[in-house]
Amino acid sequence: MISLLGLALLVAGASSCGVSTYPPAVARVVNGEEVVPHSWPWQVSLQYIYNGDGYWYHTCGASLLNKNWVLTAAHCISSYNTYRVMLGKHDFSQQEPGQKTISVVKLINHPNWNPDYLSGGNDISLLKLAEPVEFSDTIQPVCLPAPGQILEQDTGCYVTGWGNLQTNGPAPNTLQQGLLLVVDYKTCSKHDWWGTLVDTNMVCAGGDGIVSSCMGDSGGPLNCKNAQGAWEVHGVVSFGSSLGCNYYKKPSVFSRVSDFNDWISTTIASN
């Protein structure tokens, strides 16, 4: 059995996690804005190559867990594609000091993930990198939440990513953040919210009709600060409303990471 301390060290691969050299600007409510560069140093761009033109394209977000592993959403992954990750990145339009690009050598979706049933849950995947990441001011791992932890109603967390700024685009070159308030399961499962499409292994956040995740944010983190001041990845962006990214009473839905601690630790340990 792995202790909580052992699990933290296994996942983070370091004595610290969830701490940024360049603190994010999180003191106010935002409707989505460009982040302080490199203030979310565990944010990853998951990219695939399109064989028709030979270019790499951003497809999803992801989170760096330790020197060898990245966490993302299972719906982002296809066995037909070749993937790489870009770390230490802020602006896609520029070559930035400290950025790192690494190939993905192993894709492991949760065994209970069903690609034909997105709302069935288990939309979570681990990616093993071809080489260990060297941590720096712009590349750091994020912390995992405690196993089984449930966020309280109206907890403020931040979704980050390069997803569309609004329904049907455009997509930004620079990393964006948005403050989302957690919606508890009792509320989110009401018939005029998400109803039976959400489960207890998910986190709902947002639903105010203003701020949400959007296409291109999938797989990225829901960042929540713990009592010690470190950031934890409590959610992995899973789905939103087909009616639009910022639809009222249709909050962004995330895979609840605290429900998958055992799977994460055993998968990393055995691979």
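Guide: Happy to. Let's start at valine 182, which sits in strand β9, residues 176-183. Keep in mind that this is a predicted model.

Visitor: Is valine 182 buried or exposed?
Guide: Valine 182 is buried, because its relative accessible area is 3%, and the cut-off for buried is under 20%.

Visitor: Which residues is valine 182 in contact with, leaving aside its neighbours within four places in sequence?
Guide: The list has Leu151, Glu152, Gln153, Asp154, Thr155 and Cys157, along with Cys204 and Ala205.

Visitor: How many residues apart along the chain are valine 182 and glutamine 153?
Guide: They are 29 residues apart, and their C-alpha atoms are separated by 5.4 Å.

Visitor: What about leucine 181, buried or partly exposed?
Guide: Leucine 181 also lies in strand β9, but leucine 181 is partly exposed, with a relative accessible area of 41%. Beyond four places in sequence, leucine 181 is in contact with Asp154, Thr155, Gly156, Cys204, Ala205 and Gly206.

Visitor: What is the phi of aspartate 154?
Guide: It is near 70°, a positive value in a residue other than glycine. As background, most residues other than glycine have a negative phi.

Visitor: Which loop holds lysine 249, and what is its phi?
Guide: Lysine 249 is in the loop between β12 (231-239) and β13 (252-256). Its phi is positive, about 65°, although lysine 249 is not a glycine. Lysine 249 is partly exposed, at a relative accessible area of 22%.

Visitor: Back to the loop between β7 and β8. What can you tell me about glutamine 140 there?
Guide: Glutamine 140 has its place in that loop and counts as buried, because its relative accessibility is 18%. Its side chain reaches the backbone oxygen of serine 136 at 2.8 Å.

Visitor: Which contacts does glutamine 140 make, leaving aside neighbours within four places in sequence?
Guide: Those are Val19, Pro41, Trp42, Leu64 and Phe135.

Visitor: Changing topic: where is threonine 72, and which backbone oxygen does its side chain reach?
Guide: Threonine 72 is in strand β4, residues 69-72. Its side chain reaches the backbone oxygen of glycine 61 at 2.9 Å.

Visitor: Buried or exposed?
Guide: Threonine 72 is buried, since its relative accessible area is 0%. Its contacts beyond four places in sequence include Leu46, Cys60, Gly61, Ile77, Asp123, Gly219 and Val236.

Visitor: And isoleucine 49, which strand is that in?
Guide: Isoleucine 49 is in strand β2, residues 43-50, and is partly exposed, with a relative accessible area of 23%. Leaving aside neighbours within four places, isoleucine 49 is in contact with Gly54, Tyr55, Trp56 and Thr82. For threonine 82, the C-alpha separation from isoleucine 49 is 6.2 Å, at 33 residues apart along the chain.

Visitor: Let's zoom out. How many helices and strands does the protein chain have?
Guide: The protein chain has 3 helices and 13 strands.

Visitor: What is its radius of gyration?
Guide: It is 17 Å, which agrees with a compact globule, because a globule of 271 residues would have a value near 18 Å. The C-alpha trace spans about 45 × 45 × 40 Å along its principal axes.

Visitor: What share of the contacts comes from residues 24 or more positions apart?
Guide: They account for 69% of the contacts with a separation of 6 or more. As for burial, 54% of the 271 residues count as buried.

Visitor: Last one: what about surface and charge?
Guide: The protein chain exposes about 12300 Å², and carbon and sulfur atoms supply 51% of it. There are 13 positive and 20 negative side chains, with the centres of the two sets 2 Å apart.

Conventions:
Residues numbered from 1 in each chain as written. Predicted model: local features only at pLDDT ≥ 70, side-chain atom pairs only at ≥ 80, totals over all residues. Heavy atoms only, no water. Helix = DSSP H or I, 4+ residues; strand = E, 2+ residues; numbered from the N terminus. Buried < 20%, exposed > 50% of the residue type's maximum accessible area, 1.4 Å probe, protein only. Polar contact = N/O pair within 3.5 Å; in protein donor to acceptor, adjacent residues only side chain to side chain. Contact = heavy atoms within 4.5 Å. Rg over C-alpha atoms; globule rule 2.2 N^0.38 Å. Areas by Shrake-Rupley, 256 points an atom, 1.4 Å probe, with all protein chains shown as cover. Lys, Arg positive; Asp, Glu negative; His and termini not counted. Charge placed at Lys NZ, Arg CZ, Asp CG, Glu CD.
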